[in-house]
Amino acid sequence: MKKLLLLCSLVMVLDAAAQKFITSGTIEYEVRKNQKKEMSRFDTDEDDNGFWAQIKDKIPQFSLNYYTYQFNEEAGLYKFTRTADKQKIPMWFSRGQEDNIWYNNYAGNTFTNLKVIDDNYLISGPLKAINWKISPNDQRIIAGFNCRKATAVLFDSVYVFAYYTDEITVSGGPMGLHGLPGMILGVTIPRLYTSWVATSLALNAGTIAPPSKGKKKTDAEIMQALADLSKSWGKDGAKYLQPTIWQTFL
């Protein structure tokens with residue numbers, strides 16, 4: 001019995017030693033958005049001679065883009081890399097997401113983001129606390145990693161469903177999402193009709209540095225810039241303002 005216990009202990013020690021936790025690398029995320037459902041925000045009885053209906057008929061059901069997230073134990077950088085869309089959608093509809101950059105300084109608990117609205121703006125401040133609720137029994141495999149489910153509510157009413165892995169020990173994820181005991185590899189936000197799913201991981205993190213070219217603005221100034229810009233979107237622009245704010249401050 002003593003020999004058996006000793007053998008079991010040795011196996012456990014060797015298994016723990018063999019288990020490697022990832023602390024840096026580059027993750028690619030596939031970002032899929034249901035464009036037709038998002039366009040349905042403009043469905044009204046007073047559609048401008050069927051303008052929005054015509055636009056919705058011409059765009060693909062889904063957009064498909066890829067972003068990379070470079071990370072280490074101190075910081076993370078999330079940005080657009082490529083698109084799989086064969087049909088280019090109007091820039092006013094994509095809201096310039098391809099040019100936005102998210103930088104999170106986990107060591108200093110701060111962020112510096114580049115947001116493209118009517119100009120290039122830099123916003124920075126403390127990382128926003130997210131009140132996550134973990135569901136440890138709800139699990140799935142993403143990019144080869146076992147992930148657990150977590151949920152949160154942002155902006156008072158926007159539900160975020162995330163899957164994270166503790167095999168990657170950095171508490172980060174796409175955009176400004178963070179605060180879980182591991183890396184977020186999957187996200188769904190129903191009110192944005194969008195999902196983020198990690199497709200691959202490379203162990204080379206590359207250079208991680210905050211964006212520096214842009215006009216420094218506060219959150220309040222960015223909100224005002226969005227409100228001003230929405231006036232050029234026509235009489236239905238106000239309907240699109242709120243989801244644009246959510247996307248901007250994620």
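**Strand pairing and the setting of Thr 151**

Thr 151 is found in strand 8, which spans residues 145-154; strands (E, at least two residues) are DSSP runs numbered from the N terminus. The model is predicted, so that local features need pLDDT of at least 70 and side-chain atom pairs count only at pLDDT 80 or more, while totals for chains, interfaces and linings use all residues. Residues are numbered from 1 along each chain as its sequence is written, and side-chain values use heavy atoms, with hydrogens and water left out.

Thr 151 is buried, with a relative accessible area of 18%, where buried means under 20% relative accessible area (1.4 Å probe, protein chains only). Leaving aside neighbours within four places in sequence, Thr 151 is in contact (heavy atoms within 4.5 Å) with Asn 131, Trp 132, Lys 133, Val 160 and Phe 161.

Two strands are taken to pair if DSSP finds at least two bridges between them.

Strand 1 (residues 25-34) is largely enclosed by the rest of the structure, because 8 of its 10 residues are buried. Strand 1 pairs with strand 2 (residues 62-71) in the antiparallel sense over 10 bridges, and Gly 25 has Phe 71 as its bridge partner in strand 2. Strand 1 is also joined to strand 11 (residues 194-202) by 8 bridges, again antiparallel; here Val 31 stands opposite Trp 196.

Elsewhere in the sheet, strand 3 (residues 75-83) and strand 4 (residues 101-105) form an antiparallel pair over 5 bridges, with Gly 76 opposite Asn 104 of strand 4.

Note on methods. Helix = DSSP H or I, 4+ residues; strand = E, 2+ residues; numbered from the N terminus. Buried < 20%, exposed > 50% of the residue type's maximum accessible area, 1.4 Å probe, protein only.
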